[in-house]
Amino acid sequence: MTTEARTPADADADAVRDADGGDALASRSTAVGDDTAYAENDRLGGRIRRYARVGTGVGGLAARLAGERLLGLPMDRGRHAEDLRAALGGLKGPLMKAAQILSTIPDALPREYAEELAQLQADAPSMGWLFVKRRMATELGPDWRGRFGAFSREAAAAASLGQVHKAATHDGRPLACKLQYPDMSSAVEADLRQLKLIFGIYRRYDRAINPDQIHAELSARLREELDYGREGRQMRLYAHMLRDEPGVVVPDWLPELSTRRLLTMSWLDGQRLMSFQGADQAVRDHIAMNMFRAWYVPFYDYGVIHGDPHLGNYSVRPDDHRVNLLDFGCIRVFRPAFVKGVIDLYHALDRKDDELAVEAYRAWGFQTVDKPLLEVLNAWAGFLYRPLLQDKVQRIEEDGAGQAGRAVAGRVHAELKRLGGVTPPREFVLMDRAAIGLGSVFMHLKAEINWHRMFRDLIDDFDVDAMARRQDAALAVVDLERPAD
């Protein structure tokens, strides 16, 4: 392997990243997959640096809120929300990702907090070339470049946990190589601890929603996302589940060029979904239908959902408008009984069957559902299920529905506070995130579809025992297990 001259820019970039919890990693070990020699698993030094960076802003906000409470001063949630975004805005990585997810879960955080956190962007600065070379040597060995026909020096995309480089095999097949940023295990553990502090701040002032299970769910899924070997198996799971869907494309995983912190897959060409906002109605409807099936065929047939429908996680092929799925880190496998509960709730709302609704909420994990709580939960569920209950062509959100949704959410929140609060079950978190995220996509496209008939096509022959067998078989094929909650 040739030696390249080190520039001042490279030195500066490496120095910044080393101070940020990066490392002089190549000097420690070039053993492929050697976690002990690599010394990157939740390092104490990395956690301390991360605590210092996050804790200064969040801790200062907590102290000010505590002081206001002690003095009996009114809480200015709008100003505090701005302060919280300022405290987190300079950070990249898991806390930013968690904040983006939380911003779409109704009442996980106050509206003011959610609106500010929604503005955080996944614009992490890419690692410099010398740093990338050291990382690649650590993952694949010192002769790593000989295993590729080409490898781009510049990152093609940067996100919260890693960056993507375009590469190619020796016979010219284009590849995407996702390389994890350094010290992400330390960052995850530090950020999850700070997120718990943020939840604690909120809970002092508002007990309508107990976020304990939300935190537990985000913790489990973020830790899973660090394992790119698991993501590769989840990619294969999606290829299996969607093998008969002509409108969806899943990349191929190349395990021989992958490790726990390097994920290599086939490169899929496509355009950003937002570039189709001005397309003909038929094109926009076709893309929306492909998106709907990409997310919900796996859920209703196998009990699996992609929990992060972020705009950067898929693209659209301009020639035939098929949807490319690009990221498989945030995947949730559900108990078959939970999926049955989702369908049962639909039928309960359709038939106005309160007994079936209670059974459905219990299947979701709500322990005690009395009549007052049932009325509150049904008010929110009725709003979310509305497009699926009406047998007509329509947009996912009609004119004025946004204001109506906020009004419903406000009434639900007030009633939950009056009733003493509720603890959303863990499995509810990413299901809700996916539903709201996809709804946003359909709104951007202004898709006009009969959502009722698309949904009924998926659920009319649902059999929970048959689904459980399909799920077990599919997970066994790719060596995955259902999460133990």
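Me: Start with Cys-177. Buried or exposed?
Reply: Cys-177 is buried, because its relative accessible area is 1% and the cut-off for buried is under 20%. Keep in mind that this is a predicted model.

Me: And Cys-330, buried or exposed?
Reply: Cys-330 is buried too, at 1% relative accessibility.

Me: How many disulfides does the chain have?
Reply: The count comes to zero disulfides. The rule asks for a pair of cysteine sulfur atoms within 2.5 Å.

Me: OK, step back. How many helices and strands are in the chain?
Reply: The chain has 19 helices and ten strands.

Me: What share of the residues is buried?
Reply: Of the 485 residues in the chain, 54% are buried.

Me: Now helix packing. How do α13 and α14 sit against each other?
Reply: Their axes come within 8 Å and cross at roughly 155°. That makes α13 roughly antiparallel to α14, because the angle is over 145 degrees. The crossing of α13 and α14 is left-handed.

Me: Which residues make that contact?
Reply: From α13, the list includes Ala-337, Phe-338, Val-342, Leu-345, Ala-348 and Arg-351. From α14, it includes Leu-356, Ala-360, Tyr-361 and Trp-364. By class, the contact of α13 with α14 has eleven nonpolar, two polar and four charged residues.

Me: What about α13 and α19, at what angle do they cross?
Reply: Helix α13 covers residues 336–351 and α19 covers 464–477. Their axes cross at roughly 135° and come within 9 Å. That makes α13 oblique to α19.

Me: Why oblique and not antiparallel?
Reply: Roughly antiparallel needs an angle over 145 degrees. The α13 and α19 axes cross at roughly 135°, so α13 counts as oblique to α19.

Me: Left-handed or right-handed?
Reply: The crossing of α13 and α19 is right-handed.

Me: And which residues meet there?
Reply: Pro-336, Ala-337, Val-339 and Lys-340 are the α13 side. They meet Val-464, Met-467, Ala-468 and Gln-471 in α19. The residues of this contact divide into six nonpolar, one polar and one charged.

Me: What is its phi?
Reply: Phi of Lys-352 is near 55°, which is positive in a residue other than glycine. Lys-352 is exposed, because its relative accessibility is 71% and exposed means over 50%.

Me: Next, Asp-479. What is its phi, and where does it lie?
Reply: Asp-479 has a positive phi of about 60° and is not a glycine. It lies in the segment after α19. Asp-479 is exposed, with a relative accessible area of 60%.

Me: Change of topic. Where is Ala-381, and what does it touch?
Reply: Ala-381 is in helix α15, residues 371–389. Leaving out residues up to four places away in sequence, Ala-381 touches Leu-345, Leu-349 and Tyr-361. Its relative accessibility is 7%, so Ala-381 counts as buried.

Me: How far is it from Tyr-346?
Reply: The C-alpha atoms of Ala-381 and Tyr-346 are separated by 8.8 Å. Along the chain the two are 35 residues apart.

Me: And Leu-445, which helix is it in?
Reply: Leu-445 is found in α17, residues 426–445. Leu-445 counts as buried at 0% relative accessibility. Setting aside neighbours within four places in sequence, Leu-445 is in contact with Leu-273, Arg-284, Ile-287 and Ala-288.

Me: How many residues separate it from Gln-281 along the chain?
Reply: Leu-445 and Gln-281 are 164 residues apart along the chain, while their C-alpha atoms are separated by 8.6 Å.

Me: Last one, Asp-327. Where is it, and is it buried or exposed?
Reply: Asp-327 sits in the loop between β9 (323–325) and β10 (331–333). At 16% relative accessibility, Asp-327 counts as buried.

Me: What does it touch?
Reply: Not counting residues up to four places away in sequence, Asp-327 touches Lys-178, Glu-231, His-306 and Asn-313. The C-alpha atoms of Asp-327 and Pro-309 are separated by 9.4 Å.

Conventions:
Residues are numbered from 1 along each chain as its sequence is written. This is a predicted model: local features need pLDDT of at least 70, side-chain atom pairs count only at pLDDT 80 or more; totals for chains, interfaces and linings use all residues. Side-chain values use heavy atoms; hydrogens and water are left out. Axes are lines fitted to C-alpha atoms, for helices over the stretch in contact, and angles run from 0 to 180 degrees between N-to-C directions. Helices (H or I, at least four residues) and strands (E, at least two) are DSSP runs, numbered from the N terminus. Angles under 35 degrees count as roughly parallel, over 145 as roughly antiparallel, 65 to 115 as roughly perpendicular and the rest as oblique. A crossing is left-handed if the near helix is turned anticlockwise from the far one by less than a right angle, and right-handed if clockwise. Contact means heavy atoms within 4.5 Å. Ala, Val, Leu, Ile, Met, Phe, Trp, Tyr, Cys and Pro count as nonpolar, Asp, Glu, Lys and Arg as charged, and the others, Gly among them, as polar. Buried means under 20% relative accessible area, exposed over 50%, partly exposed in between (1.4 Å probe, protein chains only).
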